[in-house]
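Q: Please give me a close look at one part of this model: its side-chain packing. I would like the salt bridges, the core and the ring pairs in one connected account.

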Amino acid sequence: MKDVKGFATYTEIKEWIKSEYGLKVSSLYVAQIKDKCGLEKCLNYNMGEDKSRVPKCPPEKEKAIMEAFRHFNMI
């Protein structure tokens, strides 16, 4: 799927953000921003229980993830 226009793996997105911004982002944050943009996500088989609190993506990391989406032509 690497060759599909507008598609990048979570690893590619995280590595690009690390190289461009020096930020380490989690797959959870990438998935949250994909939800926000209406992008398709992979199925997660490691779903937690609803009891735990899920951290929200900080604004500076959200901005970096959005830039990565633009870089990879996802939005």
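A: Helices here are DSSP runs of H or I with at least four residues, numbered from the N terminus. The model is predicted.

Start with a pair inside one helix. Glu67 and Arg70 form a salt bridge, and their closest N and O atoms are 2.9 Å apart. Both residues sit in helix H3, 3 residues apart, so about one helical turn separates them. Glu67 has a relative accessible area of 30%, which makes it partly exposed. Arg70 is partly exposed too, at 42% relative accessibility.

How many salt bridges does the count come to? The total is 2. The other entry pairs Lys36 with Glu62, with 2.6 Å between the closest N and O atoms. Lys36 is exposed, at 59% relative accessibility. Glu62 is partly exposed, with a relative accessible area of 21%. The cut-off matters for that label: buried means under 20%, so Glu62 at 21% does not count as buried.

Now the nonpolar core. The largest one holds 17 residues. Ile13, Ile17, Val30, Ile33, Ile65 and Phe69 have the most contacts inside it. H1, H2 and H3 are the elements that each give two or more residues to this core. Which element gives the most? H3 does, with 5 residues.

Setting aside residues up to four places away in sequence, Phe69 touches Ile13, Val30, Ile33, Lys34, Cys37, Leu39, Met74 and Ile75. Three of those partners, Ile13, Val30 and Ile33, are also among the core residues with the most contacts.

Next, Tyr29. Tyr29 lies in helix H2, which spans residues 27–37. Is Tyr29 buried or exposed? Its relative accessible area is 14%, so Tyr29 is buried. Beyond its neighbours within four places in sequence, Tyr29 is in contact with Pro55, Lys56, Cys57, Pro58, Lys61 and Ile65. One of these, Cys57, is 28 residues away from Tyr29 in sequence. In space, the C-alpha atoms of Tyr29 and Cys57 are 5.3 Å apart.

Last, the rings. A pair of aromatic rings is described by the distance of the centres and the angle of the planes. The whole structure contains 2 aromatic pairs. Trp16 and Tyr21 make an edge-to-face pair, at 6.1 Å centre to centre and 65° between the planes. Trp16 is buried, at 15% relative accessibility. Tyr21 is partly exposed, at 38%. Trp16 also pairs with Phe72: the ring centres are 6.4 Å apart and the planes stand at 70°, so this pair is edge-to-face as well. Trp16 is in helix H1 (residues 10–21), whereas Phe72 is in the segment after helix H3 (59–71), so the pair ties together parts 56 residues apart in sequence. Through these ring pairs, Trp16, Tyr21 and Phe72 are linked into a cluster.

Definitions and conventions: Residues are numbered from 1 along each chain as its sequence is written. This is a predicted model: local features need pLDDT of at least 70, side-chain atom pairs count only at pLDDT 80 or more; totals for chains, interfaces and linings use all residues. Side-chain values use heavy atoms; hydrogens and water are left out. Buried means under 20% relative accessible area, exposed over 50%, partly exposed in between (1.4 Å probe, protein chains only). Contact means heavy atoms within 4.5 Å. Rings of Phe, Tyr and Trp (its six-membered ring) pair if their centres lie within 6.5 Å; planes under 30 degrees apart count as stacked, over 60 as edge-to-face and the rest as tilted. A nonpolar core is a set of buried Ala, Val, Leu, Ile, Met, Phe, Trp, Tyr and Cys residues joined through side-chain atoms within 4.5 Å. A salt bridge is a side-chain nitrogen of Lys or Arg within 4 Å of a carboxyl oxygen of Asp or Glu.
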